[in-house]
Amino acid sequence: MAEGATHRVIDTNGIKMHIAEMGSGGPTVVLLHGFPETWYTWRFQLKALADAGFHAVAPDLRGYGLTECPRDSSGNFKLTPVDLVGDIVGLIYALGGDPVFVVGHDVGAFTGWNLCRMRPDLVRAYASLGIPLGGFGVPPEEGFYVNRFGVPGRAEKDFARFDTATVLKNIYTLFCRSELQIAGPDEEIMDLVTTSDAIPSWLTEDFIKVQSELYEKSGFECPLCFTYRDNRRKFELMAPWINMPVTSRCLYIIGKDDYVRKFPGLEEYVTGGGMKRDVPNLVDVAVLPGGHFVEEDSPEEVNSLLIHFFKV
């Protein structure tokens with residue numbers, strides 16, 4: 001585990017949320033993870049931010065790790081964008097209610113952008129890792145992992161062939177690739193992993209052990225629903241805010257080899273003026289060595305950029 005981090009459970013928006021913290025007395029930075037992550041993805045950032053004088057807070061998001069995810073009266077997980085933003089609003093108030101700095105990665109970045117739109121009064125500045133505000137689509141191939149994971153039950157059946165540690169190692173391995181992860185008609189996503197796949201130095205057995213213990217508690221169903229399912233309804237619920245510009249000071253960081261850069265329209269949106277139009281206070285676009293998990297591939301560079309951005 002991250003040495004020096006303290007852990008507690010807070011009440012927010014009707015759920016109990018687990019958070020890890022380091023540092024005290026300085027401005028608060030809230031770090032929002034993606035899939036298949038937990039608070040532990042931020043272990044390098046927690047220490048660096050604390051050492052720089054910040055109060056760094058990394059929650060397990062709704063339904064991940066040690067954080068609850070209730071179901072509605074129909075038995076479905078309560079996972080609307082309004083729920084997810086409400087969780088972070090409640091967290092901020094539980095931490096004292098002052099505006100905070102926010103960092104989001106992967107699906108956590110969507111919640112970060114939505115927080116900027118819905119409650120800009122609570123955001124001092126926002127750094128998004130990997131995911132821009134908009135302007136891109138999902139690759140259309142049926143076998144693309146986003147589309148496969150979006151089918152209720154399919155990923156769970158695929159994952160059930162392996163233990164939790166193997167599933168996580170396979171997903172991390174696939175997401176570290178620079179190419180898109182597309183299965184053929186007779187393949188499942190787990191079948192795409194090969195023994196020749198390069199594994200980054202941070203993807204250790206100890207790392208997988210920590211993450212596996214957390215996913216053994218949460219399971220995969222809720223995180224999959226959080227990230228990949230019922231997305232049309234989620235967009236419909238965001239209709240009142242979807243065309244609003246983000247006025248917070250923002251920083252965008254992406255790994256040079258992040259497969260997300262191959263999503264239709266993304267590069268043009270980021271470099272062609274679309275993102276600057278929608279995020280007028282975007283101060284920088286930083287492309288760093290590494291792939292999808294840039295905060296783990298290049299932790300020193302990410303930490304330096306975040307600290308400088310938040311201290312300006």
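In which loop does Asp 60 lie? Asp 60 belongs to the loop that links strand S4 (55-59) and helix H2 (81-94); helices (H or I, at least four residues) and strands (E, at least two) are DSSP runs, numbered from the N terminus. The model is predicted, local features need pLDDT of at least 70, side-chain atom pairs count only at pLDDT 80 or more, and totals for chains, interfaces and linings use all residues. Residues are numbered from 1 along each chain as its sequence is written, and side-chain values use heavy atoms, with hydrogens and water left out.

**View 1. Polar contacts of the Asp 60 side chain with backbone nitrogens.** A polar atom of the Asp 60 side chain lies 3.0 Å from the backbone nitrogen of Trp 39. The Asp 60 side chain also reaches the backbone nitrogen of Leu 66, at 3.0 Å.

**View 2. Surroundings of Asp 60.** Residues touched by Asp 60 (heavy atoms within 4.5 Å) include Met 17, His 18, His 33 and Leu 214, not counting residues up to four places away in sequence.

**View 3. The open sheet of eight strands.** The strand order is S1-S2-S4-S3-S5-S6-S7-S8, with mixed pairing; two strands pair if DSSP finds at least two bridges between them. Strand S1 (6-12) and strand S8 (282-288) are the edge strands, each pairing on one side only.

**View 4. Pairing of S2 with S4.** Strand S2 (residues 15-22) pairs with S4 in the antiparallel sense over four bridges. Ala 20 has Ala 58, in S4, as its bridge partner.

How values were computed
Polar contact = N/O pair within 3.5 Å; in protein donor to acceptor, adjacent residues only side chain to side chain.
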